[in-house]
Amino acid sequence: MDILSIKPILNSLIFSLLGIAILLITYFIIEKITPENTWKEIVQKNNIAIAIVFGAFIIGISMIISAAIHG
């Protein structure tokens with residue numbers, strides 16, 4: 001097992017879970033700040049504009065989290 005060390009794999013798993021947790025927390029913060037229920041707008045009312053905005057939000061926050069974790 002000298003070739004494959006467990007430490008980098010464990011670090012990747014921990015940082016991945018941390019990144020997902022931060023992403024979910026920021027999503028719920030934005031959900032509380034906005035006046036409408038965005039999930040209901042996207043799913044039930046098929047509001048494509050809000051879906052695009054939240055897609056861009058998720059990509060942007062993910063890039064920030066990735067840069068912060070990996071330096």
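This is a predicted model: local features need pLDDT of at least 70, side-chain atom pairs count only at pLDDT 80 or more; totals for chains, interfaces and linings use all residues.
Leaving aside neighbours within four places in sequence, Thr38 is in contact with Tyr27, Glu31, Ile50 and Phe54, where contact means heavy atoms within 4.5 Å. Residues are numbered from 1 along each chain as its sequence is written, and side-chain values use heavy atoms, with hydrogens and water left out.

Thr38 sits in helix H2; helices here are DSSP runs of H or I with at least four residues, strands are runs of E with at least two, and both are numbered from the N terminus. With a relative accessibility of 4%, Thr38 counts as buried. On this scale, buried means under 20% relative accessible area, exposed means over 50%, and partly exposed lies in between, using a 1.4 Å probe and protein chains only. The side chain of Thr38 also makes a polar contact, at 2.2 Å, with the side chain of Glu31. A polar contact is a pair of N or O atoms within 3.5 Å; within protein, one must be able to donate a hydrogen and the other to accept it, and residues adjacent in sequence count only if both atoms are side-chain atoms. Glu31 is itself one of the buried residues of H1.

Helix H1 covers residues 6-33, which makes 28 residues. From its first C-alpha to its last, H1 reaches 41 Å, close to the 40 Å expected at 1.5 Å a residue; the expected span is 1.5 Å times one less than the number of residues. At the N-terminal end, H1 is capped by Ser5, which has a side-chain oxygen 3.5 Å from the backbone nitrogen of Lys7. The buried residues of H1 are Gly19, Leu23, Tyr27 and Glu31, and their cover includes H2 and H3.

Tyr27, in helix H1, is buried at 17% relative accessibility. Not counting residues up to four places away in sequence, Tyr27 touches Thr38, Trp39, Phe54 and Phe57. The C-alpha atoms of Tyr27 and Ile58 are separated by 7.8 Å, although these residues are 31 places apart along the chain. Pro35 belongs to the loop between H1 and H2 and is exposed, at 84% relative accessibility.

Helix H3 spans residues 48-70. Its 23 residues should span 33 Å at 1.5 Å a residue, and its end C-alpha atoms are 33 Å apart, which agrees. Asn47 caps the N-terminal end of H3, with a side-chain oxygen 3.3 Å from the backbone nitrogen of Ala49. Phe54, Phe57, Ile61 and Ile65 are buried in H3, and the buried residues of this helix pack against H1 and H2. Setting aside neighbours within four places in sequence, Phe57 is in contact with Thr26, Tyr27 and Ile30.

The largest nonpolar core has six residues, namely Leu23, Tyr27, Phe54, Phe57, Ile61 and Ile65. The elements giving two or more residues to this core are H1 and H3, and the largest share, four residues, comes from H3. A nonpolar core is a set of buried Ala, Val, Leu, Ile, Met, Phe, Trp, Tyr and Cys residues joined through side-chain atoms within 4.5 Å.

Charged side chains come next. The structure holds one salt bridge, that is, a side-chain nitrogen of Lys or Arg within 4 Å of a carboxyl oxygen of Asp or Glu. It joins the side chains of Lys45 and Glu41 at 3.2 Å, N to O. Lys45 is exposed, with a relative accessible area of 51%, whereas Glu41 is buried at 9%. Asn46 lies in the loop between helix H2 (38-43) and helix H3. Asn46 has a positive phi of about 55° although it is not a glycine, and is exposed, with a relative accessible area of 57%.

The UniProt record, an unreviewed entry, places the feature "transmembrane region" at residues 12-30 and 50-69; such annotations may be inferred rather than shown by experiment, feature names are shortened, and positions follow the numbering used here. In the model, residues 12-30 are 100% helix and 0% strand, with end C-alpha atoms 27 Å apart. Residues 50-69 are likewise 100% helix and 0% strand, and their end C-alpha atoms lie 28 Å apart.
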